[in-house]
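Biologist: Could you take me through this model, with the cut-offs behind each term?

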Amino acid sequence: MKNFVVHNPTRIYFGKDCIKAVTKEIPKNANVLMVYGGGSIKRNGVYDQVKQALEGYRLTEFGGVEPNPSFETLMQGVEQARAEGVDYLLAVGGGSVADGVKFMAAAMLYQGDPVEILTSFGKSIKQALPFGCVLTLPGTGSEMNSGSVITRSSIKAKLPFSNSLVFPQFSVLDPTTTLSLPPAQVANGVVDTYVHIMEQYLTYPVDGKVQDRFAEGLLLTLIEEGPRALAEPDNYDVRANLMWCATLGLNGLIGAGVPQDWATHMVGHELTALYGLDHAKTLAIVLPGMLRVRVRDKREKLLQYGERVWGINSGDESQRIDAAIEKTRRFFESMQVPTRLKAYRLAADCIPVVLEQLRAHGMVALGEHSDVTPELVQRVLEDCL
Ligand code: NZQ
Ligand code: ZN
């Protein structure tokens, strides 16, 4: 196992009716800005619950954070928050709102041009406002991590950044808030979580037994509960399991002490920035191809994954590996998430454009061995057509 340091300061409030816990965390004298997306929280009652909980607080709002939150929109929020003397942010929504608030928290106190937060991948952040999160869409893990992905629409780029100063102070996870999700967003959350786990698990063995078993347990949970969430949309326990699975999938625990890949995510980001595909849909397209093209490097973990997660014990090695990758692809399809570029009306002519963007963003040596070059990504995308 590799050496590691792990520290996660985010307090989680989990379960029914726990939105009111925000008052335990946000200081009574805070000047709070509640940040949200396109309005789903007004339709499902979450907005009212938060407003009610924060009665008596100094509270203003900034709505309109879009999926794949943009630098341009968030800077409007920063301007508003500065003008109002805001000193505490509360994200209410999905991963995009949580990510957007992380950026705003850093940008509010940034000395210099906040675009540097993105160009430095977060390294230039020296301070950030405190913030919390009321999560309504499980998947990204943003509620309990220090990462964020921001889109610069002007240059069609999705840029990830991270810094330990942008961990949420707390996150409220009430699975009932997810009951209003459209099936496509439920499926996106399951696929995103699945691929987060694979990015940290499906690399090469370092004898990280706890991390492996933990990751396999989370994958098995998704395989069991994902389809149930679509078939039994009112089942609270299914939603609760998926919500906790998503948080544990990317809060630092399963990734500590093991190699990590993330090439699928980086290629996916370019597809979203160029063609507007949902984040999870890009992952469902890219992951199977990424595994097929990199079988040689990932052989041992693919065999372990096939056996422990999918129960594949028969056939020679290459048949078992093919079967494990095919099971993965079919699982995404069973969640109603298509896994081929053509299903999204994309053809081979998109490939050089994606490669050019990867080069422009310095994404030329990806993966756990830093050997996923644009040339290799070309083969991956050809496999995904
Ligand atoms: O904007 P509103 O009206 O709220 O509607 C949203 C949005 O249209 C809707 N929604 C959210 N909760 C709902 C709901 N609709 C009904 N009922 C509810 N309870 O769902 C739509 C999608 O929301 P969004 O927040 O964009 O989705 P998601 O949570 O999948 O977030 C995606 C973003 O997270 C980034 C992605 O790149 C993408 O930008 N990621 C962040 C990560 C991180 N911080 O660690 C890791 C991930 O890999 C990912 O890259
Ligand atoms: Zn993701």
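Biologist: Where does Met-1 sit, relative to β1?
Modeller: This is a predicted model, in which local features need pLDDT of at least 70, side-chain atom pairs count only at pLDDT 80 or more, and totals for chains, interfaces and linings use all residues. Residues are numbered from 1 along each chain as its sequence is written, and side-chain values use heavy atoms, with hydrogens and water left out. Strands are DSSP runs of E with at least two residues, numbered from the N terminus, and Met-1 lies in the segment before β1 (11-14).

Biologist: Is Met-1 buried or exposed?
Modeller: Buried means under 20% relative accessible area, exposed over 50%, and partly exposed in between, with a 1.4 Å probe and protein chains only. Because its relative accessibility is 53%, Met-1 counts as exposed.

Biologist: How many disulfides does the structure have?
Modeller: A disulfide is a pair of cysteine sulfur atoms within 2.5 Å. The sulfur of Cys-18 is 12 Å from its closest cysteine sulfur, in Cys-133, and so too far for a bond, while that of Cys-384 is 9.3 Å from its closest, in Cys-350, also too far. Searching the whole structure gives a count of zero.

Biologist: Is Cys-384 buried or exposed?
Modeller: The relative accessible area of Cys-384 is 1%, and therefore this residue is buried.

Biologist: At which residue does α11 bend?
Modeller: Helix α11 covers residues 279-293, and 14 of its 15 residues are buried. The bend is the angle between axes fitted to the seven residues ending at a residue and the seven starting there. It is about 30° in α11, with Pro-288 following within four residues, and its place is Val-286.

Terms used: Chains are lettered from A and ligands numbered from 1 in the order in which they are written. The expected span of a helix is 1.5 Å times one less than its number of residues.
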